[in-house]
Amino acid sequence: MDPLEILSVSSVVAPFAKTGGLADVCNALPAGLVRHGERARAVMPFYGRVRKEVRAKPVPGLQSLRFEMGGKDYGASVHRTTLPGSKTEVLLVDVPGLFDGDAIYDGDRDALRFLAFSRAVIALMQWEGRAPDILHCHDWHTALLPLFLKKAYDWDRLFAQTKTVLTIHNLGYQGVVPASHIGALGLEPIRSALHQDELAQGRFSCLLHGILYADVLTTVSKTYAREIRTPEHGMGLDRVLEARKDSLFGIVNGIDDRIWNPRTDTAIAATYDAEDRSGKVRCKKDLAKHFGLELGPTTPLFGIVSRLTPQKGFELLPDVLPVFLQREDMALVVLGSGDERHERYFAWLEDAFRGRVGFHRGYDDALAHRIEAGADAFLMPSRYEPCGLNQLYSLAYGTIPIVRRTGGLADTVVDWDPETGAGNGFVFDDFTSAALQQAIRRCLDAWKFDKGWARLQENAMAVDFSWDKQILEYVTLYERLARRSSV
Ligand code: ADP
C-alpha cells in the first residue's frame with residue numbers, strides 16, 4: 001500500500017517547546033509514523049525562544065504567506081528543521097506579532113494566536129499544493145482546523161480527500177472565549193456552522209467545535225475515552241462526546257525509549273536494566289546527594305515530577321505525608337511548579353522534614369530523568385489523568401508507581417497482589433486521603449519484603465509501552481479513515 005501522508009499540527013513539539021506530555025506525543029507520533037514508512041510531518045508555531053535555540057532553514061516559497069482573519073491581513077513564514085536523531089521534518093510557522101516573545105502560552109491572546117496559526121497552516125498547505133491524507137490536530141489550539149476545512153475552505157478541491165483527526169490530550173483545556181470575540185477570530189463568515197446554543201450563552205469553545213467537526217476523535221487511553229462521556233469527567237462536553245462515541249477511540253500513549261530508557265539514559269548517574277539493577281542504587285545515591293537528603297540503607301525514596309495543578313490530586317497529600325514522614329523511615333523528592341498553594345506546601349514540607357524531603361520548584365528535564373531513575377516509588381494521586389506519561393517512565397525505570405485508578409493510570413498500572421506476585425504498582429480508587437494513605441501503606445509493606453519488591457520491579461520493567469507498538473493503532477485508524485469513506 002502507498003504510504004500515508006500525515007500532517008500533525010500542535011502548539012508544541014518536544015524538544016523544541018514543551019510544558020507537559022502533549023509535546024512528547026507530538027514528537028513521538030510523527031517520528032514513529034516515519035519509522036513505520038509513512039510520510040509524516042509535524043507543524044508548530046515558531047516561538048521566539050525556539051528561534052533562538054533551534055537551527056532551522058527558511059522553506060523556499062513559504063516566506064511570505066498571506067491570509068485574512070477577522071478583516072485583518074496577516075503574514076506568515078515557514079522554517080524547516082528535523083527532530084533530533086530522526087529524519088522527521090518539523091515545519092515552524094511564524095506569524096509576526098503573535099509568536100515573537102518567549103512564551104508558549106499567553107493567556108487571553110491564545111485564541112487569536114492559535115487560530116491565526118491554524119489559518120497559516122492552511123495557507124501553507126495551499127501554497128505547497130500538498131494536502132495530507134490525514135490532518136491530525138491536537139487539543140483545543142488546533143481543534144478548529146476540521147471546521148475550517150469543512151466550512152471555510154470547502155471550495156478548495158485540494159482538501160477534498162483530506163480526513164481530520166482530533167486527539168484530546170486533556171479535556172480540562174477547551175479554549176473558551178466570549179462569543180463577542182468571534183469576529184476578530186474570523187469566524188463571522190461561518191457563524192451559521194457554529195454551535196448556536198453556546199453562542200446564545202455568550203461563549204465560544206474551540207475544543208467543542210473540534211469535537212463536532214473532526215472526522216475522527218481520539219484520546220489517550222481507553223478508560224479516559226469512556227470517562228469523558230460521563231458528567232463526572234466530561235467537563236461540560238460529555239453529551240457531545242456521547243453523541244460521537246462511535247467515532248471516539250482511546251489509544252494509550254507510548255514512551256520514546258530513545259529518551260526514556262535506563263539502559264541508555266545519559267542524564268542519570270549510572271545506567272541499568274532489568275537483569276542488573278545495581279546502577280539504580282547509584283542513581284538513588286546521586287539523587288539523595290543532589291537534594292541533600294540523609295538516607296539510611298533501607299530508606300525508601302518516593303518521587304514526584306509534575307505540573308502542580310488541581311488535576312494532579314496533590315491536595316490529598318497534606319493529610320497523609322507528614323504523618324508518614326513522622327512515623328516511618330521514608331524520604332521524598334519533588335520536582336514541579338504551578339499553583340502557588342502546592343508550591344508553598346512542598347516548600348513547607350521540605351523545611352519541616354529537612355534531610356528527608358527535597359523540593360525543586362521549576363521545570364528541569366534532566367532532573368526529571370534523575371528522579372525517575374533514583375526514586376524507589378513514584379506518586380501520582382491524580383484527580384483525572386487522560387494518559388499520564390510519568391507512570392510509564394516509572395515502570396520502565398523500575399520505580400514503582402502509586403496511582404489513582406483513573407484514565408490512563410487505570411489502563412497501565414496493575415495493582416500489586418502479594419499472594420500471586422502479580423502487578424506492577426499500587427492503585428487506589430477513591431479520591432480521598434484515606435485511600436491514598438492505604439496505598440502508601442501497602443507500598444511500604446512491600447518495600448520491607450525484599451523478594452516482593454524485586455518481583456514488583458521485574459514486573460514493572462517487563463511492560464512494553466514503546467511507541468512502535470502504539471503507532472500501529474494509529475496507522476490502523478488512519479488506514480480505515482483514509483481508504484474508506486467512514487470509520
Ligand atoms: P501532563 O501532560 O498532564 O503534564 P504527563 O504525565 O502526561 O502529564 O506528562 C508530563 C511530562 O512533563 C513528562 O514528560 C514529565 O517528565 C514532564 N514534566 C512535568 N513537570 C515537569 C518538571 N517540573 N520538570 C521536568 N519535566 C516535567
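Q: What is the volume of the second largest pocket?
A: This is a predicted model, in which local features need pLDDT of at least 70, side-chain atom pairs count only at pLDDT 80 or more, and totals for chains, interfaces and linings use all residues. Residues are numbered from 1 along each chain as its sequence is written, and side-chain values use heavy atoms, without hydrogens and water. A pocket is an open set of points on a 1 Å grid over the protein atoms alone, where a 1.4 Å probe fits and protein lies on both sides within 12 Å along at least five of seven lines. With volume taken as the space filled by probe spheres on points joined across faces, edges and corners, the second largest pocket has about 590 Å³.

Q: Which residues are the closest to the centre of the second largest pocket?
A: Lining residues have an atom within 4 Å of a point. The second largest pocket is lined by 22 residues, and those closest to its centre are K284, P297, T298, D376 and W447.

Q: Which element gives the most to the lining of the second largest pocket?
A: Elements are DSSP runs numbered from the N terminus: helices (H or I, at least four residues) and strands (E, at least two). At least two lining residues come from each of α9 (278-290), α15 (433-448) and α16 (450-462). With five residues, the element that gives the most is α9.

Q: How many residues in the lining of the second largest pocket are charged?
A: Ala, Val, Leu, Ile, Met, Phe, Trp, Tyr, Cys and Pro count as nonpolar, Asp, Glu, Lys and Arg as charged, and the others, Gly among them, as polar. This lining holds eight nonpolar and five polar residues, and its charged residues number nine.

Q: How are α15 and α16 oriented to each other, roughly parallel or roughly perpendicular?
A: Their axes, lines fitted to C-alpha atoms over the stretch in contact, are 5 Å apart. On a scale from 0 to 180 degrees between N-to-C directions, the packing angle is about 110°. Angles under 35 degrees count as roughly parallel, over 145 as roughly antiparallel, 65 to 115 as roughly perpendicular and the rest as oblique, so α15 and α16 are roughly perpendicular.

Q: Between which domains does the largest pocket lie?
A: The largest pocket has a volume of about 1,200 Å³ and 49 lining residues, with T19, G20, G21, L22 and R307 nearest its centre. Its lining takes five residues from α1, the element that gives the most. Domain bounds come from an automatic or database assignment. Because both domains give residues to the lining, the pocket lies between domain 1 (5-254 + 468-483) and domain 2 (278-464).

Q: How far apart are the C-alpha centres of domain 1 and domain 2?
A: The contact takes 20 residues from domain 1 and 19 residues from domain 2. The C-alpha centres of the two domains are separated by 33 Å.

Q: Which residue is joined to A14 by a cis peptide bond?
A: The residue is found in the loop between β1 (5-9) and α1. With omega about 0°, the cis bond joins A14 to P15.

Technical notes:
Contact means heavy atoms within 4.5 Å.
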